[in-house]
Amino acid sequence: MNLAAARDDEVREAAARNPTLPVEAVARLVSDPDPVVRAIIAQHRLVDTQTRDRLYAQLAEEVKAGSIEAVVALEWNFLEPDWVCEEPLPARLMYLESPHVAFRRALARSRDLPPEAWQRLDVDPDWRVGRYAAMRPDVSPAVLERFVRESGDGGPFRPGLVAHPNFPREALPGFVNAADPRVRRLVLHDAGLPRPLLVRLAADPDVQVRRTAAGHSGLDEELLTVLLADEDADVVANAAANEALPVQGMCQILNAAGL
């Protein structure tokens, strides 16, 4: 209880994350002046639905009023209520209707939901919800391909969805025409890409695509020579480190560097 009353905002934030907080401490923190504390405590197991809705509505109003702290609390607080996954299935399914994305994200980390629940989560407007749902073992290849096409496969999630056993790897070459360079980069997960596609990717206008292309094992000497002349130093470095580069080419690089 003492920590919930601390003067330091960070101490109260840490207290709000404590799943074993007593009821009295939770009651105190739901009225905390710091928006981040209230955003955290809104996810606590002991907070009832009505109070939770009130806290989120309160924070939304503060955002409209121009509070940067409230924006941080709502948009940069990526904590999720892990306890949702411990709830019995009927209780968990109630969060399908939650207007609060953190609870839908937590629900999507389940692995025992019925098909109709997965169908809802697969098309959730929040990409993290869809990402968590797509990580389930029995997800369909079509869902994986659609998600990756629409949202890419980057971010803090490892391994990526392209590495999922159900991902249709034969679809990878088709990503070369994607408008999003993050999606085009995924083509390079295919070790057997035909040369015309490697030519396109080695000349891609996006530097991140070229950096990835420069490390592809299927590059020949001609394409590596092109990449070694790239304006981006990291593209050049990746091409120079490519195991497909002939020894003569490596020697030329070393000689040019005076090594």
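The structure is a predicted model, in which local features require pLDDT of at least 70 and side-chain atom pairs count only at pLDDT 80 or more, whereas totals for chains, interfaces and linings use all residues. Residues are numbered from 1 along each chain as its sequence is written, and side-chain values use heavy atoms, with hydrogens and water left out.

Helix α10 spans residues 141–151, and its buried residues are V143, L144, F147 and V148; buried denotes under 20% relative accessible area, exposed over 50%, and partly exposed in between, with a 1.4 Å probe and protein chains only. Helices are DSSP runs of H or I with at least four residues, numbered from the N terminus. Viewed down the axis of α10, these buried residues fall within an arc of 125°, and they therefore line one face of the helix, the arc being that of the directions from the helix axis to the C-beta atoms. An α-helix has 3.6 residues a turn, so residues three or four places apart point the same way. On the other side of α10, A142 and E150 are exposed. The buried residues of α10 pack against α8 (115–122), α9 (127–134) and α11 (181–186), where contact means heavy atoms within 4.5 Å.

A search of the whole structure finds four aromatic pairs, defined as rings of Phe, Tyr and Trp (its six-membered ring) with centres within 6.5 Å, and classed as stacked for planes under 30 degrees apart, edge-to-face for planes over 60 and tilted for the rest. Among them, W83 and Y95 form an edge-to-face pair, at 6.1 Å centre to centre and with 80° between the planes. Because W83 lies in the loop between α5 and α6 (89–93) and Y95 in the loop between α6 and α7 (101–108), this pair ties together parts that are twelve residues apart in sequence. The rings of W83 and F103 have their centres 6.1 Å apart and their planes at 70°, so this pair is also edge-to-face; W83 and F103, the latter in helix α7, are 20 residues apart. W83, Y95 and F103 form one aromatic cluster, in which F103 is buried with a relative accessible area of 0% and W83 counts as buried at 12% relative accessibility.

H44, in the loop between α3 (35–41) and α4 (49–64), is buried, with a relative accessible area of 5%. Leaving aside neighbours within four places in sequence, H44 is in contact with A16, N18, P19, L21, V26, R52 and W83.

Definitions and conventions:
Helix = DSSP H or I, 4+ residues; strand = E, 2+ residues; numbered from the N terminus.
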